[in-house]
Amino acid sequence: MTPAAFITTSWDDGHPLDFRVAEMLARHDLPGTFYVPRSADRETMSPARLRDLSATFEIGAHTLTHVNLNRATDPEAQGEIAGSKAWVEDTTSRTCVMFCPPAGKYSRRHLQPIREAGFVGVRTVELVSLDAPRPEGDLLVMPTTVQAHPHGRLCFARNFARRAARRNLRLYLLHGRSSDWVDLARSILFDVLERGGVFHLWGHSWEIEEAGQWHRLEEVFRFLGRFAGEVNALTNGGICQAIRATGRAGNPPAMDDAGHPPARRPPGYRPSLGPTVMDESASFFRQS
Ligand SMILES: [Zn+2]
């Protein structure tokens with residue numbers, strides 16, 4: 001039996017262009033987790049718009065002020081971690097189960113406050129991994145597969161070296177050493193469909209804009225969307241909760257809707273963005 005295959009996506013920083021990503025995800029029937037700080041150096045969406053986004057997608061915490069946790073004092077880090085969960089929950093009226101440290105910067109000492117704040121999972125920036133979230137105590141640490149960004153080869157090499165991630169390097173070499181993220185995504189997705197694993201695409205909407213990658217993102221969403229019905233297409237939190245419930249990345253059990261985010265899309269599910277959201281994303285198309 002082929003091991004279970006999962007597709008998930010995540011989007012960091014809460015930039016207003018996230019609505020363009022959201023509209024595209026919805027069009028291709030794909031799940032998404034948006035990690036949104038209360039404020040950051042770049043523009044962030046208003047609380048009202050965050051609430052709109054949370055009607056269709058999962059919202060994860062990304063600290064309050066988008067700080068590098070490694071540069072914060074321990075009490076500051078703790079305040080940023082716990083405060084961001086409370087802020088997301090107050091704003092969206094939904095439980096927030098996922099945390100993502102800005103720029104992937106965190107240390108082992110931060111896992112304890114993340115756990116104590118009540119998060120289920122932490123999303124990292126480990127690249128070219130197909131692994132299910134790994135347990136660290138009762139917290140799940142979730143790697144990523146491909147970033148929606150045209151990285152040079154050096155960036156991949158640094159990412160693997162930082163984590164001594166030999167398996168990820170092997171996978172990268174196996175998939176043609178491509179510095180083209182779309183080719184890499186396509187090649188790895190077929191591997192996941194065949195052998196199982198978690199395909200996790202992530203990115204920043206502002207970076208997609210700066211690097212002119214919208215048409216390439218559309219291309220990737222189109223082929224992900226084609227296979228989303230054959231695999232478990234879940235939010236980041238949906239995958240972590242499924243793994244927590246089963247103890248492995250097997251087929252997740254049916255979950256009730258009481259705890260947000262919805263872990264699995266019900267049959268016939270079609271994400272719909274409210275009229276406000278659609279109007280706003282449409283205006284982004286006009287701007288570009
Ligand atoms: Zn960030």
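**Reading a hairpin and a helix face**

Student: Which residue in the turn of the hairpin formed by β6 and β7 has a positive phi, and how many residues lie between the two strands?

Tutor: In this predicted model, β6 and β7 form a hairpin with two residues between them, and Gly137, in the turn, has a positive phi of about 65 degrees. Strand β6 covers residues 134-136 and runs antiparallel to β7, to which three bridges join it; within that pairing, Arg134 stands opposite Val141 of β7.

Student: In which sense, parallel or antiparallel, do β5 and β7 pair?

Tutor: Strand β5 (residues 121-123) and strand β7 (residues 139-142) pair in the parallel sense, over three bridges, and Leu140 in β7 is the bridge partner of Gly121.

Student: Turning to helices, how should I read a pattern of residues along the sequence?

Tutor: The general idea is that an α-helix has 3.6 residues a turn, so residues three or four places apart point the same way. For the case here, take α9, in which Leu217, Val220, Phe221 and Leu224 are buried. These four cover an arc of only 100 degrees around the axis, which puts them on the same side of α9. His215, Glu218, Arg222 and Arg226, on the other side of α9, are exposed.

Student: Against which elements do the buried residues of α9 pack?

Tutor: The buried residues of α9 pack against β1 (5-12), α1, α7 (181-195), β9 (197-203) and α8 (205-210).

Student: How many helices and strands does the chain have, and what share of its contacts with a separation of 6 or more comes from residues 24 or more positions apart?

Tutor: The chain has eleven helices and ten strands, and 46% of its 288 residues count as buried. Among contacts with a separation of 6 or more, 71% are accounted for by residues 24 or more positions apart.

Notes. Residues are numbered from 1 along each chain as its sequence is written. This is a predicted model: local features need pLDDT of at least 70, side-chain atom pairs count only at pLDDT 80 or more; totals for chains, interfaces and linings use all residues. Two strands pair if DSSP finds at least two bridges between them. A residue is buried if 20 or more other C-beta atoms lie within 10 Å of its own, exposed if 12 or fewer, and partly exposed in between; C-beta atoms are placed from the backbone. Two residues are in contact if their C-beta atoms, placed from the backbone, lie within 7 Å. The arc is that of the directions from the helix axis to the C-beta atoms.
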